[in-house]
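Here are a few exercises to work through with the model open beside you. Try each task before you read its solution.

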Amino acid sequence: MNKIYFDNAATTRIREEVLRDMVTNLADVYGNPSSVYKTGREARALLDKARVQVANILRADASEIFFTGSGTEADNWAIRGIAKSYKDKGNHIITSNIEHHAVLHTCEYLEKNGYEVTYLPVNSDGIVEIEDLKKAIRPETILITIMFANNEIGTIQPITEIGKVAKENGIIFHTDAVQAVGADEIDVNAMNIDLLALSAHKLHGPKGVGALYIRKGVKLEPFIHGGKQEAGKRAGTENVAGIAALGHAVELLQNEMQEKNEKVLNLRNMIIDELLEKIPYSRLNGSREHRLPGNINISFEFIEGESMLLLLDMKGIAASSGSACTSGSLDPSHVLLALGLSHEIAHGSLRISIGMYNTEEEAKILITELEAIVKRLREMSPLWNDFINKQ
């Protein structure tokens, strides 16, 4: 196990108090929440409580929260469900070219089934331009799906403005907020968000649990057919202990959000400033201003990101070279390419994602080790040697 963990955008460590309650619930509250007897009613009470806890952090109503098996399922359900439910109105969807693959691959699937998708470009900071969004709207546009914050570069999109455009044009607005919940204030009503996806394991909860916010009045086809669970919208006996753990984790995070984010932001800024100062030919990817408090994505020229990861791992430090969901791919990040980076520079990127358990001491160790690793890798790089010899 790594001694220092800086990959919180991929997943987070489950909180001890959340884990304790989850284990207790698994052992003791084992009834089916659809049953009318006492054990079933106890399970139902846990679901009802979690629904309120999740609704509170979104400023939503508990009746608008539906539990899923993951954030990916929530994204799929939102996009495919709207496509089916509103097919009589139109077949056009608008998204961005830096979305998580849960959104991109779902849109690609719909393209093969008679739908048209516009993939909006982003600027050099990774932000969608509102004018580009307005120009992309057609009479047959039924859905805008743009993520709240990017999982690789941490850029936060102008969600309120996007929601305003969607509402003015009578278009459903979905946002993948898996990275944003607990890291930024979210008010689904003020932001005119109609559908929102989130995931427990990004919030110090368990894996295998997510939720979809569905605004009252929005028609959405069920994603899984069977029983009448989740108000008839998502069949299958609910993961009671996991859902209760999601609710518990969300409530704890909401109570500590300001304090946690200030701590994480200070560590983030220290790491960025130190790395950019100490390591030449490095650059921060994404907006410095409109950025998640715990996200750092830096490219180091003349070296390869996977080599950095392996050497960091040997030092007991976990980080990422991009999205964990695509780490098996040899292709450079589609997000970094969308910013205009070359393949070579994109390949030399490192994502450092800070969480509530990271310390200043760990940050200093990371900076020291990374400075030495980059120096070592560049000394081994023919590209670096050629560059230096030409100076």
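**Exercise 1.** Find which side chain makes a polar contact with the side chain of asparagine 8, and work out whether asparagine 8 is buried or exposed.

*Solution.*
- Step 1: Go to the loop between strand E1 (4-5) and helix H1 (16-28), where asparagine 8 lies. Helices (H or I, at least four residues) and strands (E, at least two) are DSSP runs, numbered from the N terminus.
- Step 2: The partner is the side chain of asparagine 358, at 3.3 Å. A polar contact is a pair of N or O atoms within 3.5 Å; within protein, one must be able to donate a hydrogen and the other to accept it, and residues adjacent in sequence count only if both atoms are side-chain atoms.
- Step 3: Leave out neighbours within four places in sequence, and asparagine 8 is in contact with Ser353, Ile354, Gly355 and Asn358 (contact means heavy atoms within 4.5 Å).
- Step 4: Asparagine 8 counts as buried because its relative accessibility is 11%. Buried means under 20% relative accessible area, exposed over 50%, partly exposed in between (1.4 Å probe, protein chains only).

A word on the ground rules: this is a predicted model, with pLDDT of at least 70 needed for local features and 80 or more for side-chain atom pairs, while totals for chains, interfaces and linings use all residues. Residues are numbered from 1 along each chain as its sequence is written, and side-chain values use heavy atoms, leaving out hydrogens and water.

**Exercise 2.** Work out the strand order of the open sheet and name its edge strands.

*Solution.*
- Step 1: The 7 strands run E2-E8-E7-E6-E5-E3-E4, with mixed pairing. Two strands pair if DSSP finds at least two bridges between them.
- Step 2: Strand E2 (65-68) and strand E4 (116-120) are the edges, since each pairs on one side only.- Step 3: Zoom in on one pair: strand E5 (residues 141-145) and strand E6 (residues 172-176) run parallel, joined by 3 bridges. Threonine 145 has histidine 174 in E6 as its bridge partner.

**Exercise 3.** Find where asparagine 192 sits and what its phi is, then do likewise for phenylalanine 302.

*Solution.*
- Step 1: Most residues other than glycine have a negative phi.
- Step 2: Asparagine 192, in the loop between E6 and E7, has a positive phi near 55°. Asparagine 192 is also buried, at 17% relative accessible area.
- Step 3: Phenylalanine 302 is in the loop between strand E10 (295-300) and helix H8 (305-314), and its phi is positive too, at about 75°.
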